[in-house]
Amino acid sequence: MLVVLASCKTETKKQVEEKRENPKPNIVVIYADDLGFGDVSSYGSTELLTPNLDRIANEGIRFTNGYATSPTCTPSRYSLLSGTYPFRSKRAQILPGNAPLLFEIGKQTLPSMLKGAGYKTGVVGKWHLGLGDANMDWNGKIAPGPLEIGFDHAYIMASTNDRVPSVYVENHKVVGLTPEDPIQVSYKENFEGEPTGKENPELLKMHPSHGHDMSIHNGISRIGYMKGGKSALFIDEDMSDDFLRESIKFVNDNKERPFFLFYALHQPHVPRVPNPRFAGKSGLGPRGDVILEADWAVGQFLDELDKLGLSENTIVVFSSDNGPVLDDGYHDDAVTKIGKHTPRGGLRGGKYSLFDAGTHVPFMIRWKGTIKPGVSEALVSQMDFTASFAALTGQENKTPDSENVIDAFLGKSSVGRKGLLLGQGGITAYREGDWALIPPHKGAKIIKSVNIETGKDTIYQLYNLKEDRAQQHNLAQSNPEKLEALKKALEEERQ
């Protein structure tokens with residue numbers, strides 16, 4: 001027995017030494033909401049400075065051709081976590097707050113793949129990917145949800161900050177809910193006696209510009225109707241601090257083992273309600289203020305990694321789910337106080353658009369001591385995290401569309417994807433090399449409520465983004481060979 005115990009001790013010591021020498025890196029994906037290519041100072045912003053986001057860019061790789069898969073949030077988040085193009089799921093659209101879980105249980109996801117590699121997996125922040133089933137009771141067990149697709153721990157906003165129910169969900173329960181005041185949610189009709197933004201504007205501290213005029217809480221009207229759950233309602237001003245606290249807690253709880261954290265910021269999505277510490281600090285109105293707030297939170301998180309001695313063994317990714325929008329439903333001075341700031345960063349379009357600013361977003365990766373700081377022109381997509389991190393951790397990628405571009409992510413190669421579909425449903429564009437192709441699509445050329453071009457037209461649009469970053473010169477007629485080549489490539493990518 002002594003010999004066996006001695007052997008076990010020796011083996012254990014050896015395993016510990018190997019673990020120290022060849023540890024799997026922790027992986028953190030920090031994901032902003034509606035942050036534009038030009039909203040970050042490392043990407044050229046001069047009116048709005050983001051020193052903490054710049055830490056990631058300057059200490060790692062700043063990608064100049066980094067993309068979300070869709071110009072709206074639910075499809076982009078779905079692709080990031082599923083390794084699947086959003087057009088493959090008919091439900092991968094902007095979801096109502098009471099939508100069932102979007103994912104198909106049992107299929108590989110980024111968190112389930114990393115969980116299989118021995119990672120502790122967590123998600124904190126905005127979700128907006130559906131919860132439960134079609135008849136879910138918010139007062140009971142909230143399932144299926146993040147835990148059923150591979151996360152070990154979840155502390156999430158139930159939907160979005162402008163949609164009811166306005167609560168957090170931790171694992172399978174609404175946080176702070178009491179049985180005496182149950183939650184009721186409807187997206188069809190209001191509950192008797194409940195005030196709305198449309199009928200009771202005197203109760204509001206922020207007024208809607210279009211939509212967003214239903215149930216009120218914290219002086220802000222939302223999309224959808226809700227009654228009850230008063231003790232569980234989040235406070236907008238505290239949301240950033242809440243998500244930062246829970247993200248830091250997750251890291252501290254799992255610092256002795258490899259972990260994956262999806263830290264999903266809510267900024268600068270509407271309603272933009274910064275903590276009083278940041279109100280008025282940007283000079284650009286609440287939209288600028290909440291971006292400064294998000295930058296500060298990221299800095300606090302990076303400082304915590306430093307404090308715990310984890311920075312050199314943690315991959316930190318920062319990106320955004322889609323491009324920028326100014327007036328997205330509330331009168332918050334985003335348009336009137338924009339000044340010289342250009343959230344699009346010289347690109348055309350924005351959120352909801354097939355033009356480049358809809359999906360071309362800030363995209364940076366830091367792994368201190370491993371990734372050599374620099375700038376990369378490689379074409380990379382958030383959808384490729386699953387295949388790439390699977391290669392890094394010795395796992396098999398089973399997702400249909402994620403590609404292994406780990407060498408580009410780590411700065412070992414200047415080559416990323418060959419091509420990338422952008423959009424959702426049947427409304428797509430295509431990016432390959434320096435070129436962008438937008439096929440004909442029916443519909444309005446501009447969304448008047450948000451003042452953003454959709455990119456839709458009755459003709460093919462072909463742009464050379466290297467020579468024409470703002471997409472002002474359609475080359476479809478003057479370059480028919482390239483047009484035909486990209487039309488073929490687009491169909492091949494869809495298949």
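Colleague: Leaving aside its neighbours within four places in sequence, which residues is D401 in contact with, and what makes them contacts?

Modeller: Contact means heavy atoms within 4.5 Å, and by that cut-off D401 touches G83, T84, Y85, R88, M383, D384 and R417. This is a predicted model, in which local features need pLDDT of at least 70 and side-chain atom pairs count only at pLDDT 80 or more, while totals for chains, interfaces and linings use all residues. Residues are numbered from 1 along each chain as its sequence is written, and side-chain values use heavy atoms, with hydrogens and water left out.

Colleague: Why is D401 called buried?

Modeller: Buried means under 20% relative accessible area, exposed over 50% and partly exposed in between (1.4 Å probe, protein chains only); D401 has 6% relative accessibility and therefore counts as buried. D401 lies in the loop between helix 7 (385–393) and helix 8 (406–409), where helices are DSSP runs of H or I with at least four residues and strands are runs of E with at least two, numbered from the N terminus.

Colleague: What makes strand 17 and strand 20 a pair?

Modeller: Two strands pair if DSSP finds at least two bridges between them, and strand 17 (residues 435–438) and strand 20 have four, in the antiparallel sense. I438 has Q461 in strand 20 as its bridge partner.
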